[in-house]
Structure formats: C-alpha cells, structure tokens
Amino acid sequence: MATKSATSEGRIGSLANPKSVPLTFQEDRRSVYWVDRLPPTAGPHGTTEIIASARVQELAKHRTPNQHGWRGDRPTPIWGVSEGAQRADAGPRLVSLSQHKEPHPRYLFDRTAYMTMPLIQVNEGAKNATSTERLGMLSRPKDRRDRDKFGVISLETSWGQYNPVSPAAKSAQCTSHVESLAEPKKYHPRFAGEKPVQWSVDESALKAIANLRLQQLSRPRSRTMIKDDYDPYKVPMAARRAHATPRIEELCLPIPRKVRPKKVV
C-alpha cells in the first residue's frame with residue numbers, strides 16, 4: 001500500500017506541475033489599445049519615406065523584352081520569303097494534313113427551301129392527296145368560345161389567361177362584416193410618423209452655449225494623456241469590496257423550471 005501511495009503521489013505531482021512555455025513563445029498584448037510604439041511620422045518633405053531593400057528594388061523594375069529571348073509581333077504581314085522556302089516541296093504527310101476534313105459518308109445536308117432540286121421533288125401521290133375529315137377539323141383554328149368553360153367570351157389578360165366574371169359575382173353585395181374587414185388598419189392614437197429631413201430649430205437651441213463639462217467631453221483625447229502603465233485588467237479595490245444587493249442576488253439565481261437535480265448513482 002505504501003509503494004502504491006508513493007507511486008500515485010509521484011504521478012499526481014508530475015501532473016500538477018505547470019506546462020513549460022516554449023522558448024519561441026511570444027506573449028500577446030494585454031489589450032488591443034496597448035501602445036507598443038509610437039506611429040510612424042512624416043519625413044522632412046511631409047511624406048512617409050520607405051526604405052526598400054535591394055531585392056524589392058530589383059523586383060520593382062519592369063521586365064525587358066529581350067531578357068528571355070522574346071520577340072515582338074511582326075510590324076507587317078508582308079515580309080521577305082527565303083529562296084529555300086519558295087522552292088521547298090511538301091511531303092505526303094503535309095499534303096494529307098492540308099486537306100479539309102470531309103463529312104461522314106452517311107451525313108445528309110440540310111434541304112433547301114427551293115423545290116427545283118431533284119432530291120426534294122414532291123411526288124404525284126402527295127400532290128393529288130386529299131385530307132380526311134379529322135385532319136380538316138384539326139387544321140381549323142380554335143375558337144375562343146371553346147376555350148372558355150363558362151360559355152362567355154372574356155377579356156384576355158397579358159399572360160394569355162381567361163378570367164371571366166359570372167353575373168352573380170357582378171351583382172353581389174357584401175355584408176357589413178366584409179366591409180369592416182376591408183377597411184384599412186388604423187394607426188395607434190399615439191403613433192408618431194417619421195420625422196422629416198428638414199425641420200425648424202427653436203431659438204433656444206440655436207443660441208445655446210455648451211458648458212465647461214460638455215466642452216471637456218467633446219474634446220478628443222490627445223496622445224499625451226495615454227498612460228503607459230495603465231492596466232485594463234486590473235480590478236480596483238472598490239470593486240473587490242463591493243457587495244451585491246438582494247435584487248442582484250435574486251436575478252443571479254437560475255430559473256427553477258430549468259434546474260435539474262443530480263442523479264444519485
């Protein structure tokens with residue numbers, strides 16, 4: 001038991017030791033408003049002076065055309081052709097590649113609208129054919145009365161729909177409850193609409209003079225007022241000795257209906 005206790009205490013002691021900080025660790029700033037150094041100021045000419053390294057100056061240079069053997073476009077499409085190029089003979093491979101691609105053997109070109117070609121001549125049977133009664137009925141335009149299910153020709157809307165109104169709906173009279181529901185909702189008696197962009201300012205506001213306290217608060221904070229030893233995470237002594245009121249303690253309690261008792265195993 002003694003050996004086991006010593007072993008457990010050694011293990012707990014090793015786990016209780018704080019984790020060592022790496023040598024490359026950099027501590028974060030204590031606050032986002034912490035000023036490590038003063039901002040850069042303008043140079044003698046009133047502008048910020050940037051000192052570029054030799055590598056940055058080299059990268060800032062523009063690329064020259066002849067740096068990698070680059071040649072620009074020819075100034076004109078007409079240029080001299082050498083004697084060897086004029087007397088050169090193309091091989092069978094070049095001749096075969098220069099030929100245009102032929103369509104598929106079973107490919108059929110589009111028929112033209114002219115009827116003089118022998119491929120699209122109309123035979124005598126089609127010329128002397130007579131349509132059946134069914135084809136004649138299908139070829140007739142559809143009447144608007146057939147499209148109207150109520151049997152009344154109605155006006156066509158912009159979307160091509162027909163919305164006829166029945167005579168009963170035209171002569172119908174609404175009840176008092178429907179009329180009360182059709183009335184627009186009124187505003188609240190104490191409702192105030194949006195303030196206009198321009199409004200008159202009273203004389204007292206125009207002639208008002210800010211007191212000393214308002215002038216102090218409206219003045220921007222200068223950099224000389226920043227305290228270098230200010231710690232935003234330091235808790236003052238008054239806050240440490242403060243006691244919560246009964247109302248605050250009551251508000252800190254959890255809601256009873258959301259409190260769950262712990263299960264006893």
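**Entry 1, aromatic pairs.** I was working with a predicted model, and I began with its rings, for which the count came to 2 aromatic pairs. For Tyr-107 and Phe-109 I noted ring centres 5.0 Å apart and planes at 85°, and I recorded the pair as edge-to-face because planes over 60 degrees apart are classed that way. I then looked up the accessibility of both residues: Tyr-107 is partly exposed, at a relative accessible area of 45%, whereas Phe-109 counts as exposed at 61%. Tyr-187 and Phe-191 form a stacked pair, with 4.8 Å from centre to centre and 10° between the planes.

I found Lys-195 over the face of Trp-199, at 4.1 Å from the ring centre.

**Entry 3, salt bridges.** Here the count came to 3 salt bridges. The side chains of Arg-55 and Glu-58 meet in one of them, at 3.7 Å from N to O, and I placed both residues in helix α2 (residues 54-60), where they are 3 residues apart, about one turn of the helix. Arg-55 is exposed, with a relative accessible area of 51%. I next noted the salt bridge between Arg-87 and Glu-83, with the closest N and O atoms 3.9 Å apart; Arg-87 is exposed at 67%, while Glu-83 is partly exposed at 47%. Arg-247 forms a salt bridge with Glu-250, the closest N and O atoms lying 3.5 Å apart, and both residues belong to helix α13 (residues 246-252), again 3 residues apart.

Conventions. Residues numbered from 1 in each chain as written. Predicted model: local features only at pLDDT ≥ 70, side-chain atom pairs only at ≥ 80, totals over all residues. Heavy atoms only, no water. Phe/Tyr/Trp six-rings, centres within 6.5 Å; stacked < 30°, edge-to-face > 60°. Buried < 20%, exposed > 50% of the residue type's maximum accessible area, 1.4 Å probe, protein only. Lys NZ or Arg CZ within 6 Å of the ring centre and 35° of its normal. Salt bridge = Lys/Arg side-chain N within 4 Å of Asp/Glu carboxyl O. Helix = DSSP H or I, 4+ residues; strand = E, 2+ residues; numbered from the N terminus.
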